[in-house]
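Biologist: Please show me the structure, and then I will ask about it piece by piece.

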Amino acid sequence: MPELLEFEEPVGVLLKEIEALSMLPKTPERERSIESLRRRADEIRGEIYATLTPWQRVLVARHPNRPNTLDYVERLFTNFDELHGDRRFADDHAIVTGIAEYKGQAVAIVGHQKGRDTKQKIFRNFGYARPEGYRKALRVLQFAQKFSRPVVVFIDTPAAYPGMESEERGVAEAIAVNLREMMMIEVPIVVIVCGEGGSGGALGIAIGDRVLMQEFSVYSVIPPEGCAAILWRDANRKVEAADALKITATDMLALGLIDGIIPEPSGGAHNDYDAATALVDQALSQALADMAPLTGEERLEARYMKFRRMGEEGTAFTDTAAAPEA
Amino acid sequence: MAWFKKVRKPIESPSDKPSRVPEGLWVKCPSCAEILYNKDLVASLNVCTKCAHHFRVGATERLRMLFDKAWEEYDEGLQSTDPLKFIDTKPYRKRLDASIAATGLNDAVICATGHINGIETSVASMEYGFIGGSMGVVVGEKITRAIERAIDRRLPVVIVSSSGGARMMEGALSLMQMAKISAALARLDRAKLPYISVLTDPTTGGVTASFAMLGDVIIAEPKALIGFAGPRVIEQTIRQKLPEGFQRSEFLLERGMIDLIVDRREMKDAVARVLRFGTPAREARAAAVAAASIAAAAALPVSVAELAPPKP
């Protein structure tokens, strides 16, 4: 039985019933009731997912079974070769980079990787990237630029690693340099937020011509727990913080901070990998097709203007000095 | 056994008595506990005259220290509209209004152009007193405009950081200002104009992870807290206390993350020296480009003719 989130309880009850029934000897009548229970479960799941609160979306985005970078790489790309190391200090396992083919076209891939079981999670540092990860990503981006290959980026991280060695080796500088240099990488960059977009740790590889969010992914300046701890002085107010921070894909699109939303199958991407992959595939090929006819210069100009417009006069701020004169 | 029962009278706290010394006349240095006469302190640019402890200074004060004389301020009217209608324990709008009233500024940065030892420069100076110097859309927009202004007018850029990072109350809009400013800095960089980042106590979070660490030259004030994650967050992560001096300017210098540590009283001259390094060659080049384009325009018909391939 798949791992269920707390708000999926009604589905869980039905799934347990189905499980119990399928233990019994098969009869046509039982088969029919299993089938109808399954339909009922799908229906309820659909209803639940149609009205998820922001905090519930955070839980879906962090779901241990949610398809991650390597799951998509495996299903969408062929001939993937992972490239390792930043050539300075180490290979960061929280960011995966490599080269592959997408529908016959050579592309570079960069993405966070959180790990699923305990062993993997530790190996991947729970998706908390260190400076090496950002530097490795930039190295691969520049490699792609050298040979005019588009780049596909997957975002799924709680944050950049807030540890001592991260600070010592300049995680802030690594992210900052990526922000500046990714603005100047002439090849198409398509960014897909597939899980958690955790503040600077996400943004550090999330500059692109198209930034898309999967329906139940989130993108935030600070994790809701952290925000609640600081502003409410109580980490348990995370539900309210998640609401206030406007972290859902719909909010991000309305704020003009992303370019589109990739729908997910009913019950979330973790409920149906193939359907989720097909939807990502569709969005990705569209984005790459949109980018292809532009020259490098045109892409850079459009990319600059896209980020330049984030937080616009009239909506996000006003000029109180420029009051209309009589 | 009477002495067992003797209860010692508690030492009276001095705050019980009203002070006869006017408020703000004397200041105690938090580092060496020296009692400093406020006027002396101001005269030494808010640096303790005994132990050189750097007191935090406001954005306007900072501009006064850097510029030769008057400066021209830009975009001072920009004010956040509270785009998320954010409410935590109190509405963000109230916090904004309180900070506006307290600082006399509309947000956490002042952008201006003026001369630093004779070199005209576009300067952004952050105000920690305004919601912890946090970066929201207004800070992002104003700094971006200051950089674009520098590109248009071919001026160098100096940004004095003093910030807790991105402003939570404007959500991901704040986060994206990191990208926006860095994009403008990419253009400044390609335009071969110098950018000096001055880091003061404290510079953390999204400000460090964007423009603060992108200076051609990065100068810090002594003992400033500079980092990505705050010390408390790191201590929670690693579950142990951080060593003394971790994330201070001296630590960053040792780790190769910054170029210089400069006492505030020397800061202006140090900044000017770096600006001069970046300026003359640039001016010469600009002059050469201008001269060449004038010559080209004047000589256009001739040069086109000359460009035609020679006949065999």
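Modeller: What follows is a set of questions and answers on this predicted model.

Biologist: How many helices and strands does the secondary structure of chain B come to?

Modeller: Chain B has 312 residues, and buried residues make up 50% of them. Of the contacts in chain B with a separation of 6 or more, 68% are between residues 24 or more positions apart. The secondary structure of chain B comes to twelve helices and ten strands.

Biologist: Which residues of H10(B) are buried?

Modeller: Helix H10 of chain B covers residues 264–278 and has 15 residues. Its first and last C-alpha atoms are 21 Å apart, close to the 21 Å expected at 1.5 Å a residue. An α-helix has 3.6 residues a turn, so residues three or four places apart point the same way. The buried residues of H10(B) are B:Arg264, B:Met267, B:Lys268, B:Ala270, B:Val271, B:Ala272, B:Val274 and B:Leu275.

Biologist: Which helix and which strands of chain B do the buried residues of H10(B) pack against?

Modeller: The buried residues in question include B:Val271 and B:Leu275. Their packing partners in chain B are helix H3 (59–66), strand S5 (109–116), strand S6 (119–126), strand S7 (157–163), strand S8 (195–203) and strand S9 (217–220).

Biologist: What is omega for the peptide bond that joins B:Asp201 and B:Pro202?

Modeller: B:Pro202 lies in strand S8 of chain B. Most residues other than glycine have a negative phi, and most peptide bonds are trans. The bond between B:Asp201 and B:Pro202 is cis, with omega of about -10 degrees.

Biologist: Is A:Ser148 buried or exposed?

Modeller: A:Ser148 lies in the loop between helix H6 (131–146) and strand S4 (151–157) of chain A. Its phi is near 55 degrees, a positive value in a residue other than glycine. Because its relative accessibility is 57%, and exposed means over 50%, A:Ser148 counts as exposed.

Biologist: And is A:Arg233 buried or exposed?

Modeller: A:Arg233 is found in the loop between helix H10 (224–232) and helix H11 (238–244) of chain A. Phi of A:Arg233 is near 55 degrees, a positive value in a residue other than glycine. The relative accessibility of A:Arg233 is 74%, so A:Arg233 counts as exposed.

Biologist: B:Leu84 lies in a loop of chain B; is B:Leu84 buried or exposed?

Modeller: The loop runs between strand S4 (78–80) and helix H4 (92–103) of chain B. Not counting residues up to four places away in sequence, B:Leu84 touches residues that include A:Ala244, A:Leu245, B:Met169 and B:Leu173. Buried means under 20% relative accessible area, and B:Leu84 has 4% relative accessibility, so B:Leu84 counts as buried.

Biologist: What is the relative accessible area of B:Val137?

Modeller: B:Val137 is found in helix H5 of chain B, residues 137–153. Leaving out residues up to four places away in sequence, B:Val137 touches A:Gly311, A:Ala316, A:Phe317, B:Glu170, B:Leu173, B:Gln177 and B:Lys180. B:Val137 is buried, with a relative accessible area of 0%.

Biologist: How far apart are the C-alpha centres of domain 1 and domain 2 of chain A?

Modeller: The domain assignment of chain A gives domain 1 (6–51) and domain 2 (58–308). Seven residues of domain 1 of chain A are in contact with eight residues of domain 2 of chain A. The C-alpha centres of these two domains lie 35 Å apart.

Biologist: Which helix gives the largest share of the lining of the largest cavity?

Modeller: The largest cavity holds about 100 Å³ of space, and its lining has 15 residues. Helix H7 (164–168) and helix H8 (171–182) of chain A, together with helix H9 (249–254) of chain B, each supply at least two lining residues. The largest share, three residues, comes from H8(A).

Biologist: How many charged residues are in the lining of the second largest pocket?

Modeller: The second largest pocket has about 350 Å³ of space and is lined by 17 residues, with B:His53, B:Pro222, B:Lys223, B:Ala224 and B:Arg248 nearest its centre. Domain 1 (10–55) and domain 2 (57–305) of chain B each give at least three residues to this lining. By class, the lining has five nonpolar and four polar residues, and the number of charged residues is eight.

Conventions
Residues numbered from 1 in each chain as written. Chains lettered and ligands numbered in written order. Predicted model: local features only at pLDDT ≥ 70, side-chain atom pairs only at ≥ 80, totals over all residues. Heavy atoms only, no water. 1 Å grid on protein atoms, 1.4 Å probe; cavity = no way out; pocket = protein on both sides within 12 Å on 5 of 7 lines; lining within 4 Å. Points joined across faces, edges and corners; volume = space filled by probe spheres on them. Nonpolar A, V, L, I, M, F, W, Y, C, P; charged D, E, K, R; others polar. Domains from an automatic or database assignment. Helix = DSSP H or I, 4+ residues; strand = E, 2+ residues; numbered from the N terminus. Expected span 1.5 Å × (residues − 1). Buried < 20%, exposed > 50% of the residue type's maximum accessible area, 1.4 Å probe, protein only. Contact = heavy atoms within 4.5 Å.
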